[in-house]
Amino acid sequence: MLRTGGLVAFPTETVYGVGANALDARAAARIFEAKQRPSFDPLITHLADVADLEVLVGPVSSAVAALATRFWPGPLTLIVDRPEGIPPIVTSGLDSMAVRVPDHEDARRLIAAAGVPVAAPSANRFGQLSPTRAEHVVRGLGAAVEMVLDGGPTRCGIESTIVDARGDHPVVLRLGALPVEELEKVTGPVAVRPGSSGQPVAPGTLAAHYAPRTPLRLVSGAEPAGIGGAECGYLAFRDRPAGDWAAVEVLSASGDLTEAAARLFDVLHRLDAAGVTGIVAEPVPDTGVGRAVNDRLRRAAATWHPAS
Ligand code: TXA
Ligand code: MG
């Protein structure tokens, strides 16, 4: 299917991706169409194996090589120079390319069997919640893709961390499933560039993104009383909130941030389907993968426009 220009959605350890042959400009164009994704938002190219990186792009900087060796397969996306064979539509015309080796057997076997690099963004419509289950893909993209491989719920539940380590000072372009603290063990201190909606270096960093259809409001721990209530849903980190809520979801009763990240989008999909008028969400502790969870919640909350 991939070799003949089709779209195949598949599980990775982070979220489901919708893949096309990255060497085929027409196939890549179909991804933008299926996702209703603006053409200025470049795709991540997925490889089956660490060794495929230098085959595709040639020599890379020592920092990029060190990160790939340490963290691939895994939830890290690296920025490299775009090789000749990758059509510009994949990178939205940039001279750089995002690339990663996912840590998921089904994904790697699919890419290896296709025998081509696979361009794959998250398998959701642009700006909406990322899919962590095959059902989410079917609901969101439906007939726009030829095939969905069902690998069950994804392990990390949140997208890969994107790092540009081409220069002397590595920069995190998108917080993600690989915590900054882990990266820094290899690279030393890294800067985190949150990006802006004005100049989307990594449009996963647009202010309003990863958003449920239902308006979501991010609150500090003390605030919930007085807002929301009987018609609203509540997204808690570890403790159930006081008061009357139409639906309550707890990310991790044991306070485990990895579990919270893994469940985040699934729980938001559920609250979004619960028929509530709003979602009130608490931030999680801002450490490790918790930083990426808070980043997603802040962007989801950017759609909040109080009616009164
Ligand atoms: O975990 C993931 O990364 C998932 C799975 C499917 O691999 N993919 C994913 O893709 O999240 P997507 O398209 O939803 O997000 C890709 C992000 C976008 O924010 C895009 O702007 C950024 O990567 N990106 C792609 N190429 C880039 C480049 N050359 N420079 C900077 N950012 C880039
Ligand atoms: Mg995405």
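Predicted model: local features only at pLDDT ≥ 70, side-chain atom pairs only at ≥ 80, totals over all residues.
1. Is Arg-155 buried or exposed? Arg-155 is exposed, with a relative accessible area of 51%. Here buried means under 20% relative accessible area, exposed means over 50%, and partly exposed lies in between (1.4 Å probe, protein chains only).

2. Residues are numbered from 1 along each chain as its sequence is written, chains are lettered from A and ligands numbered from 1 in the order in which they are written, and side-chain values use heavy atoms, with hydrogens and water left out.

3. The protein is assigned domain 1 (8-192) and domain 2 (216-301); such bounds come from an automatic or database domain assignment. Taken over C-alpha atoms, the centres of domain 1 and domain 2 are 27 Å apart. To their contact, domain 1 gives 20 residues and domain 2 gives 16 residues, where contact means heavy atoms within 4.5 Å.

4. The size of an interface is often given as the accessible area lost when the parts come together. Domain 1 and domain 2 bury about 1,500 Å² between them, and 57% of this lies on carbon and sulfur atoms. Buried area is the accessible area (1.4 Å probe) that two parts lose on being put together, summed over both. On the side of domain 1, Leu-129, Ile-158 and Leu-175 lose the most area to domain 2, together 40% of what that side buries.

5. Two salt bridges are counted between domain 1 and domain 2, a salt bridge being a side-chain nitrogen of Lys or Arg within 4 Å of a carboxyl oxygen of Asp or Glu. Arg-296 forms a salt bridge with Glu-159, with 2.9 Å between the closest N and O atoms. Seven residue pairs are in polar contact across the interface of domain 1 and domain 2, both residues at pLDDT 80 or more. A polar contact is a pair of N or O atoms within 3.5 Å; within protein, one must be able to donate a hydrogen and the other to accept it, and residues adjacent in sequence count only if both atoms are side-chain atoms.

6. On the side of domain 1 that touches domain 2, helix H5 (134-141) and helix H6 (180-187) are the elements that give two or more residues. Helices (H or I, at least four residues) and strands (E, at least two) are DSSP runs, numbered from the N terminus.

7. Thr-161 deserves attention. Thr-161 is in strand E8 (residues 161-164) and counts as buried at 0% relative accessibility. The side chain of Thr-161 has a polar atom 3.2 Å from the backbone nitrogen of Gly-176, and it reaches the backbone oxygen of Leu-178 at 2.7 Å. Beyond its neighbours within four places in sequence, Thr-161 is in contact with residues including Pro-75, Leu-76, Val-172 and Leu-183.

8. Side chains of opposite charge can pair when their charged atoms come close. The count of salt bridges comes to 14. One of them joins Glu-13 and Arg-100 (2.9 Å, N to O). Glu-13 lies in the loop between strand E1 (8-10) and strand E2 (17-21) and Arg-100 in strand E5, 87 residues apart. Glu-13 is buried at 1% relative accessibility, and Arg-100 is buried at 2%.

9. Arg-155 from the opening point meets Asp-103 in a salt bridge (3.0 Å, N to O). Arg-155 lies in the loop between strand E7 (147-148) and E8, and Asp-103 in the loop between E5 and helix H4 (105-114), so the pair ties together parts that are 52 residues apart in sequence. Asp-103 is partly exposed, at 34% relative accessibility. Salt bridges that share partners also join Arg-133, Glu-249, Asp-266 and Arg-270 into one network.

10. Some backbone details remain. A cis peptide bond, with omega about -10°, joins Trp-72 and Pro-73, and Pro-73 lies in the loop between helix H3 (62-71) and strand E4 (76-81). Gln-36, a residue other than glycine, has a positive phi near 50°; Gln-36 is exposed at 55% relative accessibility.
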